[in-house]
Amino acid sequence: MQPFYFGTQEKLLFGIYHPPLTRADRDTGVVLCNPFGSEAIYAHRAFRQVAVRLSRVGFHVLRFDYYGCGDSAGEGNEGDVDQWKKDISAAIDELKNRAGVSRVSLVGLRLGATLGLLVAVERNDVESLVLWEPVVKGKKYIEELVNEQEGWMEKGEFSEATIAKQDDGTVEIIGFALTSQMRLGIESINLLSLEKGTGKRLLIIRKSGEVGDQSLFKTLKELGSFPDYSDLVTPRLWLESQESDRVVVPNELLESIILWLTRNH
């Protein structure tokens, strides 16, 4: 495991490179795309496990923080959808250069999965994607975040309060800034309206029993991609506000991701 900074001097990004732990390393790199805000904190342990397990079967892996997030440069209110897409592209280029691989796969969770797909559509060097409960419609996702914040406030000492909005439109969502620019960028996303596919293999993981959860599968297939579909009953760990050492790691789901990538690369 090798922590380092990459990107430009103006917008340094923090990354952790996991080299292959087998002699027969693969000519494929995997970039992990974090979810947004508190979801990234709750999912951190699971994402680290994905990186470790992939490196054990011969993959080059890079996990990183977006600009304005985690240990990367920038303040929490300086990121937005366009910047985070650029960060994913920078991470792809960095892993290809650092590991000497020619092929890259993206594994993303929630908004990270969505951003990864949008980046893959624009590039020709992404071989496959794992979309773990991607945000399909940005407006619905924003509504979920606002509802989560209101529910959190009701449980605490602020049951009579409303979500405060700064003069520039920024609001707080579970300790993280959601600026008006972030909100507009996210709300503009609708994966069911994509006009171009990736032409590559995809694994879409959705929670079992959700109504209409195969719409993205159908859309991507019609656009010429080759999606596989996984319907697993697993805890939505990114919604759990447990202590970090007690967060559940969904082993069955993680192993399905590793197996799918191993079979395809």
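His18 is part of strand β2, which covers residues 12-18; strands (E, at least two residues) and helices (H or I, at least four) are DSSP runs, numbered from the N terminus. With a relative accessible area of 4%, His18 is buried, a word that stands for under 20% relative accessible area, whereas exposed stands for over 50% and partly exposed for what lies in between (1.4 Å probe, protein chains only). The side chain of His18 makes a polar contact with the side chain of Arg63 at 2.9 Å, where a polar contact is a pair of N or O atoms within 3.5 Å; within protein, one of them must be able to donate a hydrogen and the other to accept it, and residues adjacent in sequence count only if both atoms are side-chain atoms. Leaving aside residues up to four places away in sequence, His18 touches Met1, Ala51, Val52, Ser55, Phe59, His60, Val61 and Arg63, contact being heavy atoms within 4.5 Å.

## Basis of the description

The model is predicted, so local features need pLDDT of at least 70 and side-chain atom pairs count only at pLDDT 80 or more, while totals for chains, interfaces and linings use all residues. Residues are numbered from 1 along each chain as its sequence is written, and side-chain values use heavy atoms, with hydrogens and water left out.

## Salt bridges

The structure holds 11 salt bridges, each being a side-chain nitrogen of Lys or Arg within 4 Å of a carboxyl oxygen of Asp or Glu. One of them joins the side chains of Lys200 and Glu127, at 3.6 Å from N to O. This pair links distant parts of the chain, since Lys200 lies in the loop between α6 (180-187) and β9 (201-207) and Glu127 in strand β6 (residues 126-132), 73 residues apart. Lys200 is partly exposed, at a relative accessible area of 23%, and Glu127 is likewise partly exposed, at 23%.

Another salt bridge brings together the side chains of Glu187 and Arg183, at 3.2 Å from N to O. Because Glu187 and Arg183 are 4 residues apart in helix α6, about one helical turn separates them. Glu187 counts as partly exposed at 24% relative accessibility, and Arg183 is partly exposed with a relative accessible area of 30%. Arg201 forms a salt bridge with Asp228, and their closest N and O atoms are 3.0 Å apart. Here too the pair links distant parts of the chain, with Arg201 in strand β9 and Asp228 in strand β10 (residues 226-232), 27 residues apart. Arg201 is partly exposed, at 31% relative accessible area, and Asp228 counts as partly exposed at 25%. Elsewhere, salt bridges that share partners join Asp93, Lys96, Arg123 and Asp125 into one network.

## Aromatic rings

There are 8 aromatic pairs, counted when rings of Phe, Tyr and Trp (its six-membered ring) have their centres within 6.5 Å; planes under 30 degrees apart count as stacked, over 60 as edge-to-face and the rest as tilted. The rings of Phe6 and Phe64 have centres 6.3 Å apart and planes at 70°, so this pair is edge-to-face. Phe6 in strand β1 (residues 2-7) and Phe64 in strand β4 (residues 60-64) are 58 residues apart, so the pair links distant parts of the chain. Both Phe6 and Phe64 are buried. Tyr66 and Trp84 form a tilted pair, 6.0 Å centre to centre with 40° between the planes. Tyr66 is buried at 5% relative accessible area, and Trp84 counts as buried at 2%. Phe4, Phe6, Phe36, Phe64, Tyr66 and Trp84 form one aromatic cluster.

Charged ends also sit over rings, a description used if NZ of Lys or CZ of Arg is within 6 Å of the ring centre and within 35 degrees of the ring normal. The charged end of Arg98 sits over the ring of Phe4, 3.6 Å from its centre, and that of Lys11 over the ring of Tyr67, 5.3 Å from its centre.

## Nonpolar cores

The largest nonpolar core has 53 residues, and those with the most contacts inside it are Val31, Ile88, Leu106, Leu111, Leu117 and Leu131; such a core is a set of buried Ala, Val, Leu, Ile, Met, Phe, Trp, Tyr and Cys residues joined through side-chain atoms within 4.5 Å. Helix α4 (residues 111-122) gives the largest share of this core, 8 residues. A second, separate core of 23 residues includes Leu54, Val61, Val107 and Ile258.
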